[in-house]
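Dear colleague,

I am passing on the structure we spoke about, together with some notes on it. Please look through it before reading on.

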Amino acid sequence: MTAKTVPVDTFDLVIFGGTGDLALRKLLPGLFRRYADGQIPEDSRIIGVARDKQSNDDYRAKVNEALASVVGGEPSLQAKLAPFLEKLGYHALDATKDEGWQAFAEELLTHGDRIRVFYLSTSPSLFVDICTRLKAHGLNTGKARVVIEKPIGKDSASAAVINDAVGSAFAESQIFRIDHYLGKETVQNLMALRFANILFEPLWNSNYVDHVQITVAETVGLEKRAGYYDTSGALRDMVQNHLLQLLCMVSMEPPAAMEADAVRDEKLKVLRSLRPIDAEDAAQLTVRGQYRAGASNGGAVPGYLTELGRNDSRTETFVAIKAEVDNWRWAGVPFYLRTGKRLSERVSEIVVAFRPVPHSIFEHTAGPVMANKLVLRLQPDEGVKLWLMIKDPGPGGLRLQHVPLDMSFAEAFGVHQPEAYERLLMDVVRGNPTLFMRRDEVEAAWKWVDPILAAWETLREAPKPYTAGSWGPSAAVALIERDGRTWHEDAA
Ligand code: NAP
């Protein structure tokens, strides 16, 4: 049981792509957790849609299998499984063909004007077809909402096509562009830390912050996503959305209220303040890498090209960028971003590195006075560490130590922390878009990313090789060390 659960109103949730990886691995387990917690009313319905022809019972069996690891041997969850599966239905539909849509719409509409969420867990190439047909069959009722997944385009122009298409069927207030990083407990805690405490905000600027690091490191390689990933690369797949959203949450001004547009207005200002990186700067400020064979998760792994089955790809599986936010608060404070596949550790974290004290009063025997750091860990174990200097306990002279005040959320609160998708799905049902991206944010993010992509095209440099299981190419280390700084390593 999570700490507090407020039930939502009765809803129908239609998952287009209901048999796909995202639906079975994240969305349905998330919904099950919410149901088991008592948040989903009994007369709500969850309907999977895909082309494959199968009965409701076939679909329930498939979902049952997908939920096995969530339920485990826990009796309270076991008891909720059968009633949850009862809520599931399945409808075979091809998004690109008219056949079957009328019957589908009629069945949905039998339950009157209730909240209806259409989750487009399919390739973006189907968004236009699905939205057009939803509208044509009268399914854009007052309480309808549509959720779209990344990637929203591969550049500004293609993002505009998707946004126009979805926007021609649904109003902006009905469109929920999901970035699941924003649903993570730590990211919301960042807002609580910043705006519900007096301690941090006075220091949260270029006078006291030396730099910020944002790392999203994966140990996995291509998995089953080769076709998509090779046309995308780390900049589009991770930086344009997740890393820039995290950067916004760290650096935005305090919103006037914890209200969707107030928060999103502030994030937008950050995106628009990002200093453009053009062809001249790209070689200095960005690093592209691609993994070679190495070791990961305790075993030997092949390189990217071998996994891909081709030897001509220049797609980056790693990127590091030195970004700058050109505004009054952050002038001169670098934001070092890095993300990659097949890195040494699976970790996502934000490090706010403060400036050192202006003068040390301690003898050199006390050891160096290290700067404070606030480390917000998003995964694997969500929590916050504040690195402070303290006196080494005990007699024998005054020696200083750099130690973290450690708050692991799971330990501190002793309750199941909802997964990002759980929270975000309930926010969609409630109609709360605070943690979702508005169209102008997506556009502003692409506007910063487009010139970097263009610069890389112009430079025509092959990605720098790095060994699987390392922290990326040596050039990424040089990127930060050139400025007299180092990537954060958690020593405790
Ligand atoms: P997936 O495993 O390939 O699933 C695609 C789903 O779409 C299947 O259920 C498929 O079933 C259905 N589908 C395909 N063509 C269809 C059509 N013409 N009409 C109706 N249904 C159709 O993909 P996924 O990994 O779940 O990803 C879904 C979306 O989420 C993608 O845009 C992906 O980029 C995004 N995303 C995924 C993840 C992840 O962890 N998987 C993370 C972030 C974002 P049938 O073939 O039977 O129709």
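Predicted model: local features only at pLDDT ≥ 70, side-chain atom pairs only at ≥ 80, totals over all residues.

Residues are numbered from 1 along each chain as its sequence is written, and side-chain values use heavy atoms, with hydrogens and water left out.

The largest pocket has a volume of about 1700 Å³, and its lining comprises 50 residues, of which D21, L22, R25, H180 and R225 lie nearest its centre. The elements that give two or more residues to this lining are α1 (21-36), α6 (156-169), α8 (226-232), α9 (234-251), β14 (373-379), α13 (409-413) and α14 (420-430). (Helices are DSSP runs of H or I with at least four residues, and strands are runs of E with at least two, numbered from the N terminus.) Because domain 1 (11-177) and domain 2 (182-419 + 438-481) both contribute lining residues, the largest pocket lies between them; the domain bounds come from an automatic or database domain assignment.

As for terms, on a 1 Å grid over the protein atoms alone, a cavity is a set of points where a 1.4 Å probe fits but cannot get out, whereas a pocket is an open set with protein on both sides within 12 Å along at least five of seven lines, and lining residues have an atom within 4 Å of a point. Grid points are joined across faces, edges and corners, and a volume is the space filled by probe spheres set on the points.

A search of the whole structure finds 1 cavity of 30 Å³ or more. The largest cavity has a volume of about 60 Å³ and is lined by K150, I152, Q240, N241, Q245, M437, V442 and A445, with α9 giving the most, at 3 residues.

Two residues may also interest you. S313, in the loop between α12 (304-308) and β11 (318-324), is buried (under 20% relative accessible area, with a 1.4 Å probe and protein chains only), its value being 6%. Leaving aside neighbours within four places in sequence, S313 is in contact (heavy atoms within 4.5 Å) with D230, Q290, Y304, L305 and L308.

M426, which lies in helix α14, is also buried, with a relative accessible area of 2%.

With best wishes

Methods
Buried < 20%, exposed > 50% of the residue type's maximum accessible area, 1.4 Å probe, protein only.
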